[in-house]
Amino acid sequence: MLINTAGGITGGDQIDWSAEVSAGGKLVVTTQACERSYRSTGDTALVRAKLHVGAGAHLDWLPQETILFAGSKLSRTLDITLEPAATLTAIEAVLLGRDAMGEEARDAMFSDNWRIYRGDRLLHAEATRLTGDGSERDGLSLLHGSRAFASILHVATNADMANIVFDRLRLQHTGKDMIAASANGERLVIRAMAPTGLALRRLIVPTLLELTGAGDLPRLWHL
């Protein structure tokens, strides 16, 4: 359980998380609550996670959602190294303002960079960026008015296992759900969007239950 004793982050704050899973082990990492990125009048807050998963081990990286407040500035990085036959389920979800307050945080600035390695080989890389431009929020090919979104990455031991999981997930969702998955080699990548944080959870929890190495999610994730 990761605990941010400050209750939130703002400009100039820096947080570094690290964890290691021994060979053959299993680890679930989550947070006590949603992370909050508050308004900044100057610097960008930095959150960095560096994780190592030993041979044949599994890591569930399951932090709860990050809430971006109006005027916030946050830069986040996720760096994970997987040894041979290690597997991974990782999620990062973002809420644009608080649902109950009707917030949209349209001027929030956010960047999120992932680098996943299998040994020394780069296995997966992605970057998410919000600059406060309205086209990012409203564009049909981008958020299309959604106020909550998530990226999920599952790394299996091989392409056959990834495709088996992919086939199971396709049966879960209707054509109206704003969630999609793609399998490429040993990777399964899932994107989800929703109008509210609650709607997003209802989309992603069944998916995470299929992917977790623990067989269940932390109690804090249950609705």
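**Reading strands and pockets in a predicted model**

Analyst: Strand S10 makes the greatest contribution to the lining of the largest pocket, giving 5 residues. The model is predicted, so local features require pLDDT of at least 70 and side-chain atom pairs pLDDT 80 or more, while totals for chains, interfaces and linings use all residues. Residues are numbered from 1 along each chain as its sequence is written, and side-chain values use heavy atoms, without hydrogens and water.

User: How much space lies in the largest pocket, and which residues are the closest to its centre?

Analyst: A pocket is an open set of points on a 1 Å grid where a 1.4 Å probe fits, with protein on both sides within 12 Å along at least five of seven lines; lining residues have an atom within 4 Å of a point. Its volume is the space filled by probe spheres set on the points. Here the largest pocket holds about 410 Å³. It is lined by 18 residues, and Leu 142, Leu 143, Phe 149, Arg 191 and Met 193 are the closest to its centre. At least two lining residues come from each of S10, S11, S12 (179–184) and S13 (187–194).

User: How do the lining residues of the largest pocket divide into nonpolar, polar and charged?

Analyst: There are 11 nonpolar, 3 polar and 4 charged residues in that lining. Asp, Glu, Lys and Arg count as charged, Ala, Val, Leu, Ile, Met, Phe, Trp, Tyr, Cys and Pro as nonpolar, and the others as polar.

User: Which residues lie nearest the centre of the second largest pocket, and which element gives the largest share of its lining?

Analyst: The second largest pocket contains about 330 Å³ of space. Of its 25 lining residues, Trp 17, Thr 31, Glu 35, Pro 63 and Thr 66 lie nearest the centre. S1, S3 (35–37), S4 and S7 each give two or more residues to this lining, and S7 provides the largest share, with 4 residues. The lining comprises 13 nonpolar, 7 polar and 5 charged residues.

User: What is the order of the strands in the open sheet?

Analyst: Strands are DSSP runs of E of at least two residues, numbered from the N terminus, and two of them pair if DSSP finds at least two bridges between them. The open sheet has 5 strands in the order S1-S4-S7-S9-S10, with mixed pairing. Its edge strands, S1 (14–21) and S10 (121–130), each pair on one side only. Within the sheet, S4 (residues 45–53) and S7 (residues 73–82) run parallel over 9 bridges, and Ala 49 has Leu 78 of S7 as its bridge partner.

User: Is strand S8 largely enclosed or open, and why?

Analyst: Buried means under 20% relative accessible area, exposed over 50%, and partly exposed in between (1.4 Å probe, protein chains only). Strand S8 (residues 87–96) is largely enclosed by the rest of the structure because 10 of its 10 residues are buried. In a regular strand the side chains alternate between the two faces of the sheet. In S8 both faces are covered: one side has Thr 87, Thr 89, Ile 91, Ala 93 and Leu 95, the other Leu 88, Ala 90, Glu 92, Val 94 and Leu 96.

User: Which strands are joined to S8 by bridges?

Analyst: S5 (residues 58–62) runs parallel to S8 and is joined to it by 4 bridges; His 58 is partnered with Thr 87. S6 (residues 66–68) is also parallel to S8, over 3 bridges, and Ile 67 has Leu 95 as its partner. S11 (residues 148–155) is antiparallel to S8, with 8 bridges, and its Ser 151 stands opposite Glu 92.
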